Amino acid sequence: MTDTAHDPTRGHTDPVAFWEERYRDGGGAGADRPNARLPEIVGEWPPGTVLDLACGPGGDTLWLAGRGWRVTAVDISATTTERLGERARERGLGDRVRAERHDLSETFPAGEFDLVSAFYFHTPFELDRTPVLRAAAQALRPGGHLLLVDHGDVAPWMSVDESHRFPTPQEVAHALALDPAEWTVVRADRPQREATGPDGTTATVTDGVLLVRRDGA
Ligand SMILES: C[S@@+](CC[C@H](N)C(=O)[O-])C[C@H]1O[C@@H](n2cnc3c(N)ncnc32)[C@H](O)[C@@H]1O
């Protein structure tokens, strides 16, 4: 018998099956509010077009749409993108949200964006994010921003081994190797914040924040 207690894949070998199970079981948790860093960073920005990469339940998408952004939201789980479309319609935001299923290792959504945001785009399966994030940088309009917020450390409630090391924003920027004549790294740092886990536990957690602008506007 396989011991799944410390297995972040919970015995799955297929990422689609893993994320589908998680969203079928997890209901709508995460849809009611944006990630803490999103309002902090883009709260004062004028609305435009945004791509929410690996949107999950869609708290970021719904918050952005509520502030006038036109959002394309994509995720590997059809369960979560379909629910997000329904939630957007229920809130009268249906005309501002297009939720699409994409396995980003295979396909990337069409369009040009003022903002591409990817919050906690982590998976327990093998995934080379570099080509995805390079495609995201290419999908920016001149003057647009790529905002990547990663976990910077392992919070007590995560089903990840304590020794796991997430890439730093500097390492991600280095791997992206964007042409400095066209893209500027505006911010690459590791701020801390107080967070509350699903079981109510609180802890100080670190985020890895990378903000890149496509120049030429
Ligand atoms: C940790 S969750 C973060 C979700 C959301 N951004 C948030 O902050 O709540 C990671 C997300 O990545 C998605 N994901 C994992 N692998 C993916 C892939 N290959 N293509 C698209 N989405 C993927 C998962 O379905 C999941 O929604």
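Predicted model: local features only at pLDDT ≥ 70, side-chain atom pairs only at ≥ 80, totals over all residues.
Strand 1 spans residues 49-53. Five of its five residues are buried, so the rest of the structure largely encloses it.

Which strands pair with strand 1? One partner is strand 2, residues 70-75. The pairing is parallel and runs over five bridges. Within it, Leu 53 stands opposite Val 74 of strand 2. Another partner is strand 4, residues 113-119. This pairing is also parallel, over four bridges. Here Asp 52 has Ser 117 of strand 4 as its bridge partner.

Helix 3, residues 59-66, belongs to the picture too. Together with strand 1 and strand 2, helix 3 makes a β-α-β unit. The unit is right-handed.

### The ligand site

The ligand is surrounded by 17 residues. The closest are Tyr 23, Asn 35, Ala 54, Asp 75 and Phe 119. By kind, the shell divides into 10 nonpolar, five polar and two charged residues.

| Residue | Protein atom | Ligand atom | Distance |
|---|---|---|---|
| Tyr 23 | polar side-chain atom | oxygen | 2.6 Å |
| Ala 54 | polar backbone atom | nitrogen | 2.7 Å |
| Asp 75 | N or O atom in the side chain | oxygen | 2.5 Å |

How much of the ligand does the protein bury? Taken alone, the ligand exposes 590 Å². The protein buries 89% of that.

In general, most residues other than glycine have a negative phi.

### Before strand 1

Arg 10 also has a positive phi, about 50 degrees, although it is not a glycine. Arg 10 sits in the segment before helix 1, which covers 15-26. Is Arg 10 buried, exposed or partly exposed? It counts as partly exposed, because its relative accessibility is 36%, and the buried class requires a value under 20%.

Gly 43 lies in the loop between helix 2 (37-42) and strand 1. Its relative accessibility is 14%, so it counts as buried. Gly 43 and Leu 64 are 21 residues apart in sequence. In space, their C-alpha atoms are 9.0 Å apart.

### Strands 7 and 8

Strand 7 covers residues 192-196. It pairs with strand 8 in the antiparallel sense, over five bridges.

Strand 8 covers residues 202-214 and includes Asp 207. Asp 207 has 0% relative accessibility, so it counts as buried. What does the side chain of Asp 207 contact? A polar contact of 2.7 Å joins it to the side chain of Arg 37.

### Helix 6

Helix 6 spans residues 169-176 and contains Gln 170. Pro 169 is also found in helix 6.

The accessibility of each residue comes next. Pro 169 is buried, because its relative accessible area is 3%. Gln 170 is partly exposed, because its relative accessible area is 42%.

Distances give further detail. Pro 169 and Leu 148 are 21 residues apart in sequence, and 8.3 Å apart in space from C-alpha to C-alpha. Gln 170 and Val 154 are 16 residues apart along the chain, and their C-alpha atoms are separated by 18 Å.

Where does the side chain of Gln 170 reach? It comes to 3.0 Å from the backbone oxygen of Ala 188.

Technical notes. Residues numbered from 1 in each chain as written. Heavy atoms only, no water. Near = heavy atom within 4 Å. Polar contact = N/O pair within 3.5 Å; in protein donor to acceptor, adjacent residues only side chain to side chain. Areas by Shrake-Rupley, 256 points an atom, 1.4 Å probe, with all protein chains shown as cover. Nonpolar A, V, L, I, M, F, W, Y, C, P; charged D, E, K, R; others polar. Helix = DSSP H or I, 4+ residues; strand = E, 2+ residues; numbered from the N terminus. Buried < 20%, exposed > 50% of the residue type's maximum accessible area, 1.4 Å probe, protein only. Pairing = 2+ DSSP bridges. Right-handed = clockwise from strand over helix to strand, strands pointing away.
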